[in-house]
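Student: Hi, could you walk me through this model? I'd like to know what to look at.
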Amino acid sequence: MESEQVGTRDEIAALPPESDLARADSLAREIFSDIANKWALLIIEFLGMRGTMRFSELRDDIGGISHKMLTQNLRTLERNGLITRTVHPTIPPRVDYALTDAGDALRTVVDGMCDWTQRFISHIEASRSGYDGRP
């Protein structure tokens, strides 16, 4: 049985830049790079659980995140359309963050990954133990 590969790196690289598949592949890589870190995923999870949150609430609830790292991740998530940032005209200004529909859909994917981890944790731990114990 012959295996056909569709959408390999070489095939995608050969596509003209205006090709939808080439654009989608490039965009997917950028987005994965932006969100594939523990802080972005935690921000998405907390906003999904709590709804709208202020910066200080996120910082307090996400233990260990620095002010700078939270700011960077919020900006990246907003740039990618995964969260909204609402500035209220009060003194001092109040800023709220919330998931967009796209962010909420991503949270569903993240929850699926967490479910997968829980389902296979024994298998993963046994595999790691066996691998680490090899000579």
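Student: What pLDDT does the protein chain average?
Tutor: The average is 86, and 83% of the residues score at least 70; pLDDT is the predictor's confidence in each residue, from 0 to 100. Over residues 1-5 the pLDDT is below 50. Where pLDDT is low, the predicted coordinates should not be read in detail.

Student: OK, what caps the N-terminal end of H3?
Tutor: Asparagine 37 does, with a side-chain oxygen 2.9 Å from the backbone nitrogen of tryptophan 39. Helices here are DSSP runs (H or I, at least four residues), and strands are E runs of at least two, numbered from the N terminus.

Student: And what follows H3?
Tutor: Glycine 51, whose phi is positive, near 80°.

Student: Which residues of H3 are buried?
Tutor: Trp39, Ala40, Ile43, Ile44, Glu45, Phe46 and Leu47; buried means under 20% relative accessible area, with a 1.4 Å probe and protein chains only.

Student: Switching topic: what is leucine 74 in contact with?
Tutor: Leaving aside neighbours within four places in sequence, leucine 74 touches Ile43, Phe55, Leu58, Ile83 and Tyr97, where contact means heavy atoms within 4.5 Å.

How values were computed
Residues are numbered from 1 along each chain as its sequence is written. Side-chain values use heavy atoms; hydrogens and water are left out. Buried means under 20% relative accessible area, exposed over 50%, partly exposed in between (1.4 Å probe, protein chains only). A polar contact is a pair of N or O atoms within 3.5 Å; within protein, one must be able to donate a hydrogen and the other to accept it, and residues adjacent in sequence count only if both atoms are side-chain atoms.
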